[in-house]
Amino acid sequence: MLRRPEYRRALVFCALIGIPVSLVAFFFLAGLHELERLIWSDWPHHLGRKQPAWWWPLPLAAVAGLGTSLVVLRFPGRGGHIPAAGLHSGGATEKAIPGVILAALFCLPFGVVLGPEAPLIALGGGLALLFRDLARAPATPASTALVGAAGSAAAISAIFGNPLVAAVLLMEVAGVGGAQLFAVMLPALLSSGVGAIVFTGFGHWTGFKTGSLAIGLPAPPLLDTGDVVWSVLMALLIGVVIHYVMLTGRRTAVAVAADPLRTIVLCALAAGACASLYAAITGRSPTDVALSGQATLPQLATDPHSWPVGALIAVLAFKSAAYAVSLGSLRGGPIFPAIFLGAATGVLLAPLPGFGVVPAMSAGMAASTTAALRLPVSAVVLVALVIGHTGSLPIVILAAVTAFVTTELLPEGPAIPPFRPRGSRRS
């Protein structure tokens, strides 16, 4: 394929469009961050409050619900795909860009429990196709898939700050290799995790060395039997819980299809009510439940002991409920709330005998991300990036595989219609 001139030209074109797509994605994310800071930090401070009042999420949720419903009903592309259906690398076109941007602006800064990755994928793919049309490049089914995937990867790398995560994520999202890929990949992933545990354990117990590529960087504490056993059991539990959260999202999507305007508004208000109830009960900031969890996750990881057990249970319950209704009605991505829920579960269960905070959070994030996305390799790579080391990677792999198998064996629930938004075209 590399010997074909048209493919080499496509590679050069994809490299060129990566520049403007990345710039747009950067300023899009920066704008969302500034709006979020303005709404949840600056405005409450101007009112003389250290944190938003318990009722603060309710009017913001009304804005999110009304704005999103109008975008879904009036704009080509319907604001992007339904988050409960998972991530998609195709479907959005240049005509869908305004709706995707507006839906993200109405949802993400106003307390919707979703992340920015799905709008970025749609925005990047749509912009890439727009630039292709402006350059009058040939529009074929193959070029549409290639250019769209390249644009999505350029945009999604902005949020993760790592091109490897974007490449692996888009590969799994696009279904490269189909079912055969998972059939081969899952056993290999599992055996590699088990093999790493065995080698680490025997090297520690016997004192013998087998040689490696390690260069002596600081490593986390060695894993032990408790870490492995509790991680697998926790992954099983998380897999079941996140599966039914996603299932609730799918059922919510079915209800939204029957009556979009009213149902979207009610779901947004329900998500806001979850954040308000959490703040009223615990006295903590409603931002713990509202928003995607991307900003709260570093606080949880840096000082997990500042979270009482009651607050952890409350944030898991209320954020899971808000996440479920947001998945089926609003617009955004499922990754960051899932990561936070897994990390919070890990902190809650870390005091179990033989369990550590770092392995517990690592395994929890891997299990929840895998259960939400059904993309085990992407989940492992993403969690490895988040934790910043490979010491916990064996249990991250075991947790991801356990959660993936668990969710695959549970009932699917109602089907969501294929994403064919207004304004999209079939290639």
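Okay, housekeeping. Residues are numbered from 1 along each chain as its sequence is written, and side-chain values use heavy atoms, with hydrogens and water left out. Since this is a predicted model, local features need pLDDT of at least 70 and side-chain atom pairs count only at pLDDT 80 or more, while totals for chains, interfaces and linings use all residues.

So, the overall picture. The protein chain has 15 helices and zero strands. Helices here are DSSP runs of H or I with at least four residues, strands are E runs of at least two, and both are numbered from the N terminus. Of the 427 residues, 50% count as buried. Buried means under 20% relative accessible area, exposed means over 50%, and partly exposed is in between, using a 1.4 Å probe and protein chains only. On contacts, meaning heavy atoms within 4.5 Å: take those between residues at least 6 apart in sequence, and 80% of them join residues at least 24 apart.

Let's go to helix α13, residues 357-373. What packs against α13, and at what angle? One partner is helix α8, residues 225-258, at about 35°, with the axes 8 Å apart. The axes are lines fitted to C-alpha atoms, for helices over the stretch in contact, and the angles run from 0 to 180 degrees between N-to-C directions. α8 passes α13 in a right-handed crossing; right-handed is when the near helix is turned clockwise from the far one by less than a right angle, left-handed when anticlockwise. On the α8 side the contact includes Met-234, Ile-238 and Ile-242, and on the α13 side you'll find Ala-363, Gly-364 and Ala-367, among others. The residues of that contact divide into 11 nonpolar, four polar and one charged.

Another partner is helix α12, residues 335-349, whose axis comes within 7 Å of the α13 axis, crossing at roughly 145°. That crossing is right-handed too. Here α12 brings in residues including Ala-338, Gly-342 and Gly-346, and α13 answers with Gly-364, Ser-368 and Ala-372 among them. This contact has 10 nonpolar residues, five polar and no charged.

While we're in α13, have a look at Ser-362. Ser-362 is buried, at 1% relative accessible area. Leaving aside neighbours within four places in sequence, Ser-362 is in contact with Val-383, Ile-387, Ser-392 and Val-396.

Quick stop at helix α3, residues 97-107, where the buried residues are Ile-97, Gly-99, Val-100, Ala-103, Ala-104 and Cys-107. Seen down the α3 axis, they fall within an arc of 165°, so they line one face of the helix. The arc is that of the directions from the helix axis to the C-beta atoms.

Now the charges. How many salt bridges are there? Six, with a salt bridge being a side-chain nitrogen of Lys or Arg within 4 Å of a carboxyl oxygen of Asp or Glu. Glu-34, Arg-37 and Asp-42 are linked in a network. Glu-34 to Arg-37 is 2.4 Å, N to O, and Arg-37 to Asp-42 is 2.8 Å between the closest N and O atoms. Glu-34 and Arg-37 sit three residues apart in helix α1, residues 5-46, so they are separated by about one helical turn. Both are partly exposed, Glu-34 at 39% and Arg-37 at 36%.

Then there's Glu-412 with Arg-374, at 3.3 Å. That pair links distant parts of the chain, 38 residues apart: Glu-412 is in the segment after α15, and Arg-374 is in the loop between α13 and α14. Glu-412 is partly exposed, at 40%.

Last, some loops. Most residues other than glycine have a negative phi. Arg-78, in the loop between α2 and α3, has a positive one near 55°, and is partly exposed at 30%. Leu-291, in the loop between α9 and α10, has a positive phi of about 70° and is buried at 8%. Gly-293 is in the loop between α9 and α10 as well, buried at 5%, and touches Lys-319 and Phe-340, not counting residues up to four places away in sequence. The C-alpha atoms of Gly-293 and Lys-319 are separated by 9.3 Å.

Technical notes: Nonpolar A, V, L, I, M, F, W, Y, C, P; charged D, E, K, R; others polar.
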